[in-house]
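Here is a short briefing for a first look. Start with the sequence and the structure below.

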Amino acid sequence: MIAISRWLTQHISDADLRGELEAVELVGLTPTQAEAVLELQNELDVGTDRPALEMIAREALEAVALCD
């Protein structure tokens, strides 16, 4: 999930993050991790504003880190 960190530091665009998230193999994730990735994807798709999206991205990053 390095793409989330790169997006949070504004090193990649929303479109790049979306592409990275779409490439994630959800079957290889725990249910909590998969849910976090899907939530972030959904919020990107509906055009959630950057501050709210950053909060969701941080939560997704935390879910991935804690479930490893």
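Is Arg18 buried, partly exposed or exposed? Arg18 is partly exposed, with a relative accessible area of 25%, because that value lies between the 20% and 50% cut-offs. This is a predicted model. The structure holds three salt bridges.

**The Arg18–Asp45 pair**
- The side chains of Arg18 and Asp45 form a salt bridge, at 3.1 Å from N to O.
- This pair links distant parts of the chain, 27 residues apart. Arg18 sits in helix H2 (residues 14-22), and Asp45 in helix H3.
- Asp45 is exposed, with a relative accessible area of 51%.

**Helix H3**
- Helix H3 covers residues 31-45, which is 15 residues.
- At 1.5 Å a residue, helix H3 should span 21 Å, and its end C-alpha atoms are 21 Å apart, so the two agree.
- Buried residues of H3 include Ala34, Val37, Leu40 and Leu44. Gln33, Gln41 and Glu43 are also among the buried ones.
- Gly47 follows H3 and has a positive phi, near 80 degrees.

- Glu54 and Arg50 meet in a salt bridge, at 2.8 Å from N to O. They are four residues apart in helix H4 (residues 50-67), so about one helical turn separates them.
- Glu54 also meets Arg58 in a salt bridge, at 3.9 Å from N to O. Glu54 and Arg58 both lie in helix H4, four residues apart.
- Shared partners join Arg50, Glu54 and Arg58 into one network of salt bridges.
- Glu54 counts as buried, at 18% relative accessibility. Arg50 is partly exposed at 25%, and Arg58 is partly exposed at 45%.

Methods: Residues are numbered from 1 along each chain as its sequence is written. This is a predicted model: local features need pLDDT of at least 70, side-chain atom pairs count only at pLDDT 80 or more; totals for chains, interfaces and linings use all residues. Side-chain values use heavy atoms; hydrogens and water are left out. Helices (H or I, at least four residues) and strands (E, at least two) are DSSP runs, numbered from the N terminus. The expected span of a helix is 1.5 Å times one less than its number of residues. Buried means under 20% relative accessible area, exposed over 50%, partly exposed in between (1.4 Å probe, protein chains only). A salt bridge is a side-chain nitrogen of Lys or Arg within 4 Å of a carboxyl oxygen of Asp or Glu.
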